[in-house]
Amino acid sequence: MKIELRNITKSFDKKSNVIEKMNLKINDGEFVALLGPSGCGKTTTMLMLAGIYKPDSGDIYFDDQKVNHLEPKDRHIGMVFQSYALYPHMTVLENICFPLKQQKIPKRERLQRAKEAAEMVRLGDLLERKPSELSGGQQQRVALARAIVKRPKLLLLDEPMSNLDAGLRIEMRAEISRLQKELGITTILVTHDQEEAMTLADRIALMKDGKIVQYDTPMKLYHEPVNIEVAKFIGTPPMNFMEGTVVGNQVQIGERTYPMDEGKFDLTGSNEVILGVRPHDIRLGWTGDIRFYGHVRYVETFGHSKMIHADMAGNRIQFFAEPHLSIDTGAGIQFSFNLSAIHLFDKETGKSLRKPGPERTEMSVGGAASY
């Protein structure tokens, strides 16, 4: 099922909008994540799609049919909540059957469909257990089976893995990805966890203050952030930032100037800029195009690598190093990175100075989408 939001606005106190003129298109069978910090409006957006909230203005379309007036039960959706919302007095089988019973599906059919859904999420041998006898991951699978047993056209996942430990989150991510691809259901995931969004979604709508800041593939958000807010949010560890001044086609940081790629960046109109580079793109030693001196603040050891935290011309920088290297706190170091790794942002507006390319056609900035 195709989904489209057209100029959706939602407010609860009539003073400020939780969602403001949002536009969003989701293709049939696509997996899209609504990603952002708490309070950005992602759950409100999902609840409007579900029909639990009504937009104050704007329209919601499912397959070109306006659904603003439709009740949740008439929208052909399945929803998985953060809290699982299982009935404690019912068995696994009864929990999965429940929505079909509400739809007055004959008993034989609903039992067959419930067992099929349980097998899809690998719960076939736990059908007689109660929720209290299940692990967190198993309860999440029951909630997922209960959502898909209705054979929905749209699957809504509201922070479904936030209550699971790290190991179970990885397991459930794989399970949800497998199931979504197998069933081909249009799926929308609400999450504040960028790792979930990056690993699961075909496209991500990164939200802030009720607006979509950027709507793109995970790789585009990582490699081509449209502004510094996206660059700060996407990537673990986060991008390093250094303030600089434009001097012709160069950027001065501290007492040194560095040439920029004129084919990649448009420096006209910008005086103060912020240069960004990801920790994975910085190397110890002078092997790259851009070279710096710095001093080590402290070192973190991860086993497979070390994370170096350093001071450079008044900026704090972090990057990875080989685990066997012996690096002392306070030591002077040399490090570098290549021109191709650089991101540049206007300091005043925060916007990326990257020149637009013909391949950048699936983007939504400030809530207005272009396709």
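**Entry 1**

By my cut-offs, buried is under 20% relative accessible area, exposed is over 50%, and partly exposed is in between (1.4 Å probe, protein chains only). The model is predicted, so I note that local features need pLDDT of at least 70, side-chain atom pairs count only at pLDDT 80 or more, and totals for chains, interfaces and linings use all residues. Residues are numbered from 1 along each chain as its sequence is written, and side-chain values use heavy atoms, with hydrogens and water left out.

D311 is partly exposed as well, at 34% relative accessibility. Its side chain meets that of R297 in a salt bridge, 3.6 Å from N to O. I count a salt bridge when a side-chain nitrogen of Lys or Arg is within 4 Å of a carboxyl oxygen of Asp or Glu. D311 is in strand 17 (residues 306-312) and R297 in strand 16 (residues 290-301), so the pair ties together parts 14 residues apart in sequence. Helices (H or I, at least four residues) and strands (E, at least two) are DSSP runs, numbered from the N terminus. I also found R122, R141, E171, E175, R178 and E182 joined into one network by salt bridges that share partners.

**Entry 1: other salt bridges**

How many salt bridges does a search of the whole structure find? The search gives 17.

R173 and E195 form one, at 3.2 Å from N to O. The pair ties together parts 22 residues apart in sequence, because R173 lies in helix 5 and E195 in helix 6 (residues 194-200). R173 is buried at 11% relative accessibility, whereas E195 is partly exposed at 45%.

E116 pairs with R151, the closest N and O atoms being 4.0 Å apart. This pair links distant parts of the chain, 35 residues apart: E116 is in helix 3 (residues 107-120) and R151 in the loop between helix 4 and strand 7 (154-158). E116 is partly exposed at 38%, and R151 is exposed at 54%.

**Entry 2: R169**

I placed R169 in helix 5 (residues 166-183). At 25% relative accessibility, R169 is partly exposed. Leaving out residues up to four places away in sequence, R169 touches M161, L164, D193 and E196; contact means heavy atoms within 4.5 Å. G137 is 32 residues from R169 in sequence, and their C-alpha atoms are 8.1 Å apart.

**Entry 3: the cores**

I found 47 residues in the largest nonpolar core, with I96, L144, L157 and I176 having the most contacts inside it. Such a core is a set of buried Ala, Val, Leu, Ile, Met, Phe, Trp, Tyr and Cys residues joined through side-chain atoms within 4.5 Å. Helix 4 gives the largest share of this core, 6 residues. A second, separate core has 30 residues, including I3, I77, I188 and I212.

**Entry 4: helix 1**

Is helix 1 largely enclosed or largely open? Of the 9 residues of helix 1 (residues 42-50), 8 are buried, so the rest of the structure largely encloses this helix. Among the buried ones are K42, T44 and M46. G51 follows helix 1 and has a positive phi near 90°.

N7 is not a glycine, yet its phi is positive, about 50°. N7 lies in strand 1 (residues 3-11). D63 also has a positive phi of about 50° without being a glycine. I found D63 in the loop between strand 4 (57-62) and strand 5 (65-66).

The peptide bond from T236 to P237 is cis, with omega near -5°. P237 sits in the loop between helix 8 (228-233) and strand 11 (240-247).
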